[in-house]
Each structure stands twice: as structure tokens, then as C-alpha cells.
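Dear colleague,

Please find below the structure that I am handing over to you.

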Amino acid sequence: VDNRTYNRLLRGLRWQGERGFAILIGRWKALRRTTISPRRIGDIVTAALHLTHFEYKYLTGSC
């Protein structure tokens with residue numbers, strides 16, 4: 001029972017991450033095929049996420 005509950009919770013979180021990644025990849029062509037170092041890709045993905053949130057009006061006026 002505990003293992004089933006754990007797997008159900010994990011599945012519930014995983015789809016959100018996969019959906020978010022699909023939105024970012026679909027929206028930002030620069031993220032589709034990148035050869036940048038793994039250290040710098042985090043900053044680029046963070047910026048793309050903030051811009052996407054701003055675009056979808058998820059953020060308030062203050063950034």
C-alpha cells in the first residue's frame with residue numbers, strides 16, 4: 001500500500017514537470033537543440049520560465 005501511494009504521488013508530480021518542460025520547449029526554439037554547458041543551461045531555462053510566466057500573466061507587475 002505504501003509503495004502504491006508513493007508511486008501515485010510521484011506520478012502526480014511528474015506530469016506537471018513534463019508538461020512544463022513541453023511548454024518551454026514548444027515556446028522557446030533556443031531550448032530545443034542546445035549545446036551549452038550544463039552549468040549555464042539552468043540560467044537560460046530560468047529566464048525562459050520567467051518570460052513564459054510573464055507572457056501568460058502568472059506574475060504580478062513587480063518582478
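Eleven residues line the largest pocket, and Gly20, Ile23, Leu24, Leu49 and Thr52 are the ones that lie nearest its centre. On a 1 Å grid over the protein atoms alone, a pocket is an open set of points where a 1.4 Å probe fits, with protein on both sides within 12 Å along at least five of seven lines, and lining residues have an atom within 4 Å of a point. The elements that give two or more residues to this lining are α1 (2-27) and α2 (38-55). The largest share, five residues, comes from α1. By kind, the lining residues divide into seven nonpolar, three polar and one charged. Here Ala, Val, Leu, Ile, Met, Phe, Trp, Tyr, Cys and Pro count as nonpolar, Asp, Glu, Lys and Arg as charged, and the others, Gly among them, as polar. The space in the largest pocket is about 200 Å³, a volume being the space filled by probe spheres set on the grid points, which are joined across faces, edges and corners.

Two points should be kept in mind when reading these values. This is a predicted model, in which local features need pLDDT of at least 70 and side-chain atom pairs count only at pLDDT 80 or more, while totals for chains, interfaces and linings use all residues. Residues are numbered from 1 along each chain as its sequence is written, and side-chain values use heavy atoms, with hydrogens and water left out.

I turn now to the overall form. The protein has two helices and zero strands; these are DSSP runs (helices H or I, at least four residues; strands E, at least two), numbered from the N terminus. Its radius of gyration is 15 Å, well over the 11 Å that the globule rule gives for 63 residues, so the protein is more spread out than a compact globule. That radius is taken over C-alpha atoms, and the rule is 2.2 Å times the number of residues to the power 0.38. Along the principal axes, the C-alpha atoms fill a box of roughly 40 × 35 × 20 Å.

The protein exposes about 5,900 Å², of which carbon and sulfur atoms supply 58%. Accessible areas come from the Shrake-Rupley method with a 1.4 Å probe, and for residues only the protein chains shown count as cover. Of the 63 residues, 6% count as buried (buried means under 20% relative accessible area, exposed over 50%, and partly exposed in between, with a 1.4 Å probe and protein chains only).

Several individual residues may also be of interest. Threonine 52 lies in helix α2 and is buried, with a relative accessible area of 5%. Its side chain is joined to that of tryptophan 28 by a polar contact of 2.7 Å. Such a contact is a pair of N or O atoms within 3.5 Å; within protein, one must be able to donate a hydrogen and the other to accept it, and residues adjacent in sequence count only if both atoms are side-chain atoms.

In helix α1, isoleucine 23 is partly exposed at 29% relative accessibility. Isoleucine 25, also placed in α1, is partly exposed at 21%; its C-alpha atom is 9.6 Å from that of alanine 48, 23 residues apart in sequence. Valine 45 belongs to helix α2, and its C-alpha atom is 9.5 Å from that of phenylalanine 21, 24 residues apart in sequence.

Lysine 29 sits in the loop between α1 and α2 and is exposed, with a relative accessible area of 64%.

Yours sincerely
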